[in-house]
Amino acid sequence: MERVTRFMRETAAPAAALACSAAACAGLAYACVRLMSDKAGETERALIAHADSQRRRLQKLRMYFESAQLTSNDVALKRMEAVSHQLKTLLTPPASAEIRAASGEQRLALFEEMKLRILTHLVALPYVQSYCALLVRAQVNVISNHVYLHKLLASEEAVEDDGDSDAPRQETTNPIDEIAQNEFLTFVEAHVQKEMLSFVQQVRACVEQAFAESKLDRPLEFGAFQRMLLQARNAVEQQQQATAPRPLAQLMSLGDGNSGGKEEEPAVPLRLDAVGALVAEMRRVTSSQKFFDIVCSSASRRFFHVEASVRQILGGGGGGDTKDGAATATVAPVLASQLTPLCVLARSELSHATLGALQHITDDSFVQDFMYALFTQSH
C-alpha cells in the first residue's frame, strides 16, 4: 500500500506540470489566433478605406474630365466655324453672272471648275471639321491634365501644412496659366489655317481623278457619286501613308519640320517653358497613328450624313431645275441643274457648325477613351 501511494505521488507532479504546459500552450495559441484575426481585420479595413479613397478619386477625376469636354464645346464650335468659312473662301465657285456672260468652251470650263470646287468642298469638309473638333478636344484635355495635376498637388500640400501648422506655407505656381493656354490654342489654330490651302489643293487632285468620268453632258446618278466619292476618300486617306505630299498628315504636323520646306516663324511667340512644352506634347499626339485613325473614323460618320443629303438631291439621278440651270441651257450641261443644290449643301447646310454636328464627330467610345487617356496621361 505504501508503495502504491509513493508511486502516485511520484507521477502526480509531472502530470500536473504537463497539464499546466498544455494550458499555457492553449492560451498562447488563442492569443496568436486573436492577434492574427485583429491584424486581418485591420488589413481588411485598410483595404476597404483605400478602395473607397480610390473610388472617390476616380469619380472626381471623371467629373473633372466631363467638365473639360463641355468646356471644349464652345472652342470647338468656333474653330469649326472658322475652318468652314476658310473652306468657303478657298472653294468659292464661279459666279452665276460670270457663267452667263461666258459662251462656248469658256462657259463649259467654268462649269467644270464649279463642279470640281463643289465636289472638293464636299470631300474636304468632313476631314477638316473632324480634325479641328478633335484637335480642340485633345488640346483642352492636355491643358486640363496639367491644371488638374496642379490642383491635386496644391490640395496635398494643404493637407500636409495642416499637419504642421508651424511650417511656413508656400503657394505653388501653375506654369500653365491662362496666358499660356491662350497662346497654345492660338498657335495651333494659326498652323491649321496656314496649312489649309495645301490640304485643299491635294484633296482637289484626288477629286479630279476620282470624278473624271463625271461629265457635264449627263446627270450625276447617286450610285456613281457614291462610288466616286469612296474612290476620292481612299485616295485622300491612302496618300497620308504613302510618299509626300501627305495632306492630312501635314495638316496634323503642327509645324514639326517634317512637312518639307522651311518652317515659318510661329504666329505666336512661344514661351519654351510652358507653351513650347504643350505644343511638343500635341505634336506627339497628332502624329500618332491612333489620332489619325480617330480623325478618319469621325470623318466617316460625317460622310454618312453627306451621302444621305446628296441622295435627296440626286435621287435617281435627274436633279431639279434651277434658275442657273435654265440660264445655261444653251450649252446643255445637264449636270448644271444638280450643281446649285450641291453647292448649297456644301456651303450652307454641311458647313454650319452646330452642337449636333460636333457631337456627331466626338460622341464615340473610341474617341472618348482616347481623350480620357490624354486627360489622365495614360496614352
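This is a predicted model: local features need pLDDT of at least 70, side-chain atom pairs count only at pLDDT 80 or more; totals for chains, interfaces and linings use all residues.
View 1. Helix α8, which runs over residues 289-314, has 26 residues and reaches 36 Å from its first C-alpha to its last, close to the 38 Å expected at 1.5 Å a residue. Just after α8, G315 takes a positive phi of about 55°.

**View 2. The contact of α8 with α10.** The axes of α8 and helix α10 (residues 336-349) come within 10 Å and cross at roughly 155°; because angles over 145 degrees count as roughly antiparallel, the two helices α8 and α10 are described as roughly antiparallel to each other. The crossing in which α8 passes α10 is right-handed. On the α8 side the contact involves S309, V310, I313 and L314, which meet Q338, P341, L342 and L345 of α10. Divided by class, the residues of this contact of α8 with α10 are 6 nonpolar and 2 polar, with no charged residue among them.

**View 3. The contact of α8 with α11.** Helix α11 (residues 355-362) and α8 have axes that come within 8 Å and cross at roughly 130°, and the helices α8 and α11 are therefore oblique to each other. S298, R301 and R302 of α8 make this contact with A357, H360, I361 and T362 of α11. The contact of α8 with α11 comprises 2 nonpolar, 3 polar and 2 charged residues.

**View 4. The contact of α8 with α12.** Helices α8 and α12 pack with their axes 10 Å apart, at an angle of about 145°, and their crossing is left-handed. From α8, the residues K290, F291, D293, I294, S298 and R301 meet F366, V367, F370 and M371 in α12. The residues of the contact of α8 with α12 divide by class into 6 nonpolar, 1 polar and 3 charged. S298 and R301 of α8 take part in this contact, and S298 and R301 also belong to the contact with α11.

**View 5. The aromatic pair of Y64 and F375.** A search of the whole structure finds 8 aromatic pairs, among them the pair formed by Y64 and F375, which is stacked, with 5.9 Å centre to centre and 20° between the planes. Y64 lies in helix α1 (residues 2-90) and F375 in helix α12 (residues 365-376), so this pair ties together parts that are 311 residues apart in sequence.

Methods. Residues are numbered from 1 along each chain as its sequence is written. Side-chain values use heavy atoms; hydrogens and water are left out. Axes are lines fitted to C-alpha atoms, for helices over the stretch in contact, and angles run from 0 to 180 degrees between N-to-C directions. Helices (H or I, at least four residues) and strands (E, at least two) are DSSP runs, numbered from the N terminus. Angles under 35 degrees count as roughly parallel, over 145 as roughly antiparallel, 65 to 115 as roughly perpendicular and the rest as oblique. A crossing is left-handed if the near helix is turned anticlockwise from the far one by less than a right angle, and right-handed if clockwise. Contact means heavy atoms within 4.5 Å. Ala, Val, Leu, Ile, Met, Phe, Trp, Tyr, Cys and Pro count as nonpolar, Asp, Glu, Lys and Arg as charged, and the others, Gly among them, as polar. The expected span of a helix is 1.5 Å times one less than its number of residues. Rings of Phe, Tyr and Trp (its six-membered ring) pair if their centres lie within 6.5 Å; planes under 30 degrees apart count as stacked, over 60 as edge-to-face and the rest as tilted.
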